Amino acid sequence: MNAQAKPFVCSQTPNVPYGQYCYPVMMVPCMVRSNSTLTLHNLTPGVEGVANQMYGPPLSYYANKTAELIQMDPNRYSYNAHDFDPHMLPKEQQEELRNSKLYSIDVECVATGYRHCDRDVARIAIVNAMCEVVYRTFVKPELEVVSYLTPLTGITEEDIKNAPSLKAVMKEIRAILPKDAILVGQGIGHDIFWLHLQAGVDYASEIDLLKVFRFSSSMHSSISFSLRHEAVSLMGVDTNWHNPETDAIYSMKLYLLFRKSSKTDLQMIRIFLLQQPRVPSFHQQMAKIEGVDMKKSGPCKMFKEELEWAYYLGVPSVFGPELSKGSNSNYAGIVSSFISRKFNSPYWIPVDIQCEGESDTAAWKRWSEFHYQLDFCPGVQPCLRFTSATPSPEVISLWKGEPVDMILIPTSLFTWEEDGAIAHLPSHYESLLTWFKYNKMVRIIIEGALDSEAQQLTIIHNYLLKLFDSAPSLDALHQQICGFNDVVQIPLQPLMDNLSSATYEVFEKDHVKYQLYEKALEEVLATYRRVAISNRAHYAPDGTLLPSLRHLCFGSPSEDRVVVTLVGAGRGPLILCTLAAAQRTKRSVVVYAIEKNPNAIVTLQSLHASLQWGDRVHIVETDMRVYRPVFYSDVILSELLGSFGDNELSPECLIGTERYLIEGGVFLPRDCTSYLACCMSSRIWNNAKKVDALFTPAPLESTYVVQIHNAAVLTEIEPVFTFTHPDQKHGDFRCFKEVSFKAVSDGVVHGFAGYFESNLSEHVLMSIAPRSHSMDLVSWFPLFIPISTPFYVTKGETIRVHLWRRKDEKRVWYEWAVVAPIRTRIHNVDGKGQWIGM
């Protein structure tokens, strides 16, 4: 735990369309207790000096030089400016366009603040490939409007006064757009972002005219053109721009005119556009409207230069600007580009846990949307600031699902005793801080002024240490387990691989599991009465074991001893449980301990000799599926359960043991049921994403055993597959289940948490499911099932998932797909990411 006395000062956020704004960023050299931070924004070259620098030769020289290099004369390429109407095309071409999936979308915004970046959606239009408007609407902005930008957009207060919300509009838009739509537009990425459309879910692909006509060469930085410049130069049209219907129509027309142009022709078109006189942009004619900045001023170079400076200095971490209440897409773009190229140190962003005057989850949503744009980059993390607002349980749960390793506490939140000797935080923050104790690391920064800095900081430091120490302490086993928090592990393959002694030892430390088994065995032994006359096993002439039938009498009457066959004996803990249960119930038992691991057999034989088991225990080295018994079994005992119940193939294994279960005999466990819940954890998802290809060729199409800690469970658990013993599925363990969930809070679904419940006997339940978890049971961590495309859900929304359990002669594997509220591909098809060997 570290503390910092003086806070950093966050600058404004570069949150306008990419490449237009930048602001200073502040960096700290390390996260240690310190009275100062290293600020870099004063070291950055002045904006004026950057703006006045000359970059390369004049554009006319550049255009002609490029034409010369590709051995063409730009004067050959002149365009007879004319408008274009697809309705004048031959009928065959019109029919082709009508059947196409081409759509153009354009969004216009109003100002919700006085910066160029402060905008919200106010008007939308959609045009089909025939340049016909298929959808138009005004939208009521969620934020307060400071200007309707009427001279630019034509939008007035009356237009949006009774307009629908963006959420309602999006339902209509998704109904119009086919899933395989191709979206066309000028800077279409911004429109897609505003409308929260997802590639592969709401549409198939996009075509950005900004990129189609962008001029680039190794001699000069790329140059883009406005839609107006393209239309005036290539079509001779200058109309009412920034009307979404007009912009969408002419975006589609430009695409249709030049969609079949060769690469050479497109390059000459770009040169032609470069040579034409530029049409003055709106902000050049009107820099402000009602005090709202219309100019895309302030080059983002400044922000990028400061990040480069941080890299140059080698600072181990960076504090970035806070997130804006508007769009943060430009900010995300700059950070993403920089981190992906060179910066490997943590990038911290201060985020309030909850803000006064906003909805409870507004601050979390801002962070989550920003992190989503970065594809949940693990190097970008929130620095969670406690506020005077009392966070709701839902908010606390959501932040537990985020990768919070740093907390910022304002000094104003501390309550001091009259003598100034003791400080306190509100109780809800005290309990939250103790939860962070079980994280691998938590850093704490103290923000704000103190009357007596050195003395009071020491008091705060001691108070926080005492608070952490007051949290419940863990025993040695739970401390060891805590070290596995959020660590993804490949599930064991007990049928294919022989476990190591160290692995057995870890499982044997779980005393709760064996207490439950012993209790179940006591219940069974106390009530069990054999109904068959004889329990001696009999075989057909071909060597096949005959079934046990109560009305036949083979040989002499059966012994009074209960025959317990332990399949998968390991190093023998269940043998000890069986003998202890027999002693307490005063039943005579004989145990046949079956184990295929030759190394474990050595341990069992040593244990047999040292504990003098005699004829009470018989050790058999073989596979349970080919075991040839001397006696039919009264009780078949196993611990083949996995984190998801059946994922260690207990159904396939135990059906092979039914042939030597006497009629009326008992399986222990009697059944198992797997459960799922939707889970939010970018940390676990990132850990799964970076699993080495040596272990799985498709990391996000494999399941993992995880001690889930830094996560939020967004739904109640729902049952998936149930298997009973003896088998009632007649040996066919291929299953399909559609599981429906209802979100109990907003969140991002990164995957699913898998659990199991098992009835060991009629009255003994063993469970790792949250609602019925056997206290202190630690043998099984939950199963994490990731999805390749995380998605947002809102409280009360229905989530539907399809899950398959498939098998062939040698393998079993799971496949899964989300079908609502979005559709994902089927994961792990044919076990390409992971399978369990038989």
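Q: Contact means heavy atoms within 4.5 Å. With that in mind, which residues is V635 in contact with, leaving aside its neighbours within four places in sequence?
A: This is a predicted model, and in it V635 touches V524, V562, V563, V564, T565 and V666, once neighbours within four places in sequence are left aside. V635 itself belongs to strand β22 (residues 633-638).

Q: Why is V635 called buried?
A: The label is given under 20% relative accessible area. V635 has a value of 1%, so it counts as buried.

Q: How far apart are the C-alpha atoms of V635 and L525?
A: They are separated by 9.0 Å, although the two residues lie 110 residues apart along the chain.

Q: What makes D671 count as buried?
A: Its relative accessible area is 16%. The cut-off is under 20%, and D671 is therefore buried. You will find D671 in strand β24 (residues 671-680). Apart from neighbours within four places in sequence, its contacts are F723, T724, H725, E757, S758 and N759. The C-alpha atom of D671 is also 9.9 Å from that of D646, 25 residues away along the chain.

Q: Which residues make the contact between α9 and α10?
A: From α9 come L227, E230, A231, L234 and M235, and from α10 come D247, Y250, S251, K253, L254, L257 and F258. They divide into eight nonpolar, one polar and three charged. In this pair, α9 passes α10 in a left-handed crossing.

Q: How do you know that α21 is oblique to α22?
A: The axes of α21 (residues 511-527) and α22 (residues 573-585) cross at roughly 40° and come within 8 Å. Roughly parallel needs an angle under 35 degrees, and roughly perpendicular starts at 65. The value falls between these limits, so α21 is oblique to α22. Its passage across α22 is a right-handed crossing.

Q: Which residues of α21 and α22 meet?
A: On the α21 side are Y514, Y517, E518, L521, E522, L525 and A526, facing P573, L574, C577, T578, A580, A581, A582, R584 and T585 of α22. The contact has 11 nonpolar, two polar and three charged residues.

Q: Stepping back, how many helices and strands does the protein chain have?
A: There are 25 helices and 34 strands. Of the 838 residues, 53% count as buried. Among contacts between residues at least 6 apart in sequence, 77% join residues at least 24 apart. The chain exposes about 37300 Å², with carbon and sulfur atoms supplying 52% of that area.

Terms used
Residues are numbered from 1 along each chain as its sequence is written. This is a predicted model: local features need pLDDT of at least 70, side-chain atom pairs count only at pLDDT 80 or more; totals for chains, interfaces and linings use all residues. Side-chain values use heavy atoms; hydrogens and water are left out. A crossing is left-handed if the near helix is turned anticlockwise from the far one by less than a right angle, and right-handed if clockwise. Helices (H or I, at least four residues) and strands (E, at least two) are DSSP runs, numbered from the N terminus. Ala, Val, Leu, Ile, Met, Phe, Trp, Tyr, Cys and Pro count as nonpolar, Asp, Glu, Lys and Arg as charged, and the others, Gly among them, as polar. Buried means under 20% relative accessible area, exposed over 50%, partly exposed in between (1.4 Å probe, protein chains only). Accessible areas come from the Shrake-Rupley method with a 1.4 Å probe; for residues, only the protein chains shown count as cover. Axes are lines fitted to C-alpha atoms, for helices over the stretch in contact, and angles run from 0 to 180 degrees between N-to-C directions. Angles under 35 degrees count as roughly parallel, over 145 as roughly antiparallel, 65 to 115 as roughly perpendicular and the rest as oblique.
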